[in-house]
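Open your viewer and load the model. This tour tells you what to select next and what is there.

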Amino acid sequence: MANLNALRLAALVVLGMGVAQCASAQEILIFDAKSQPESLTLAPGGILIVGSASSPFIYKVRRGSTTAEKFVDASAEPAGTFFFGMLADTATNTLWACQLTPVPDVTPVKRHTALRGFDLATGTQKLRWNLPGENSTCNDFSVGPDKALYISDTANSKIYKLAAGATTPELFLEDRALYGIDGITFLDGTLYVNNVFFNKLYRIPVDAAGKPGTPVDIWMDQPVKGPDGMRAVHGKLLLAENGSGKIDVLTVTGDKASVMVIKEGFKTPTAVEPAGDVIWVGERGAGKAVAIPMPKW
């Protein structure tokens, strides 16, 4: 596969909202280089859904399309509203999204955030829940083996749980180790989270009654910087390092993890999404999504 610079040179850049493609990969420019795609997810039919950390829109790009369409428009929300986490929950036909709105005229910065659920096909709102507190950061989520949605709150060291069929999440876990929690995913039925502030990876033990225990620090065999979006695939963890421009594969064995860098040179990568033989990367600093080959296992 050509390197990222070569792809940029070879790409056809479509003004406004567009898609650039080459033979071995794709690049998507959502609106402009300042769109800051914080998170992305793949919906049925190969539709890529991308949120923006600098605008109140969620975009979708249909398979083979050369146009990124506005899928969700939150411009009626207060000024400065933007989006973090995106997750397509095909079992319930729901797009889960984290919406963040800055609190005006406050220093240091505070945000009010909401978990929003939209119909995956139409974009119609199905659920909205405002996270508690004067300052919160709904960041990302994962659907567990129990079909519940688990939600990370970076600012408040919390994980919330929305049980299957429920309309209001409940507090699942609050712990000092979770101050800075970002990526969250289940690997082989076990819940893992990372910490973007302190460059950590944790396993969350859960007993037979479903009660969580103290987070277990997973030792990684090389440093990671700014662990962000995280997904499970083929018994491993995919991880975006926003502070070092790398995409990693983590092989977890007990309380240890082996880190293998599969691609570097990205500009603030914040999201990963496995999609068959490729991995979609949300490159926030460059305002685009990039597809890279899935490693051979």
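Contact means that heavy atoms lie within 4.5 Å.

A word on the source. This is a predicted model, where local features need pLDDT of at least 70, side-chain atom pairs count only at pLDDT 80 or more, and totals for chains, interfaces and linings use all residues. Residues are numbered from 1 along each chain as its sequence is written, and side-chain values use heavy atoms, with hydrogens and water left out.

**Stop 1: the whole chain.** Show it as a cartoon. The chain has 1 helix and 26 strands. Both are DSSP runs, numbered from the N terminus: helices are H or I with at least four residues, strands are E with at least two. Of the 297 residues, 53% are buried. Buried means under 20% relative accessible area, judged with a 1.4 Å probe and protein chains only.

**Stop 2: an open sheet.** Select strands S11 to S14. These 4 strands form an open sheet in the order S11-S12-S13-S14, with antiparallel pairing. Two strands pair if DSSP finds at least two bridges between them. S11 and S14 (170-174) are the edge strands, each pairing on one side only. Now zoom in on S12 and S13. They run antiparallel, and 5 bridges join them. Pick leucine 149: its bridge partner in S13 is leucine 162.

**Stop 3: the largest nonpolar core.** A nonpolar core is a set of buried Ala, Val, Leu, Ile, Met, Phe, Trp, Tyr and Cys residues joined through side-chain atoms within 4.5 Å. The largest one here has 17 residues. Select Trp96, Leu115, Phe141, Leu149, Ile151 and Leu162: these touch the most other members. Strands S7 (82-89), S8 (94-102), S10 (125-130), S11 (138-143), S12 (149-153) and S13 (158-162) each supply at least two residues of this core. In soluble globular proteins, nonpolar side chains tend to be buried together.

Which residues are in contact with phenylalanine 141, leaving aside its neighbours within four places in sequence? Among them are Gly85, Trp96, Cys98, Leu115, Leu149, Ile184 and Arg231.

**Stop 4: the disulfide.** Select cysteine 98 and cysteine 138. They form a disulfide, with their sulfur atoms 2.0 Å apart; the cut-off is within 2.5 Å. The pair links distant parts of the chain: cysteine 98 sits in strand S8 and cysteine 138 in strand S11, 40 residues apart. The link is left-handed, with -60 degrees about the S-S bond. Are these two cysteines buried or exposed? Both are buried.

How values were computed. Buried < 20%, exposed > 50% of the residue type's maximum accessible area, 1.4 Å probe, protein only.
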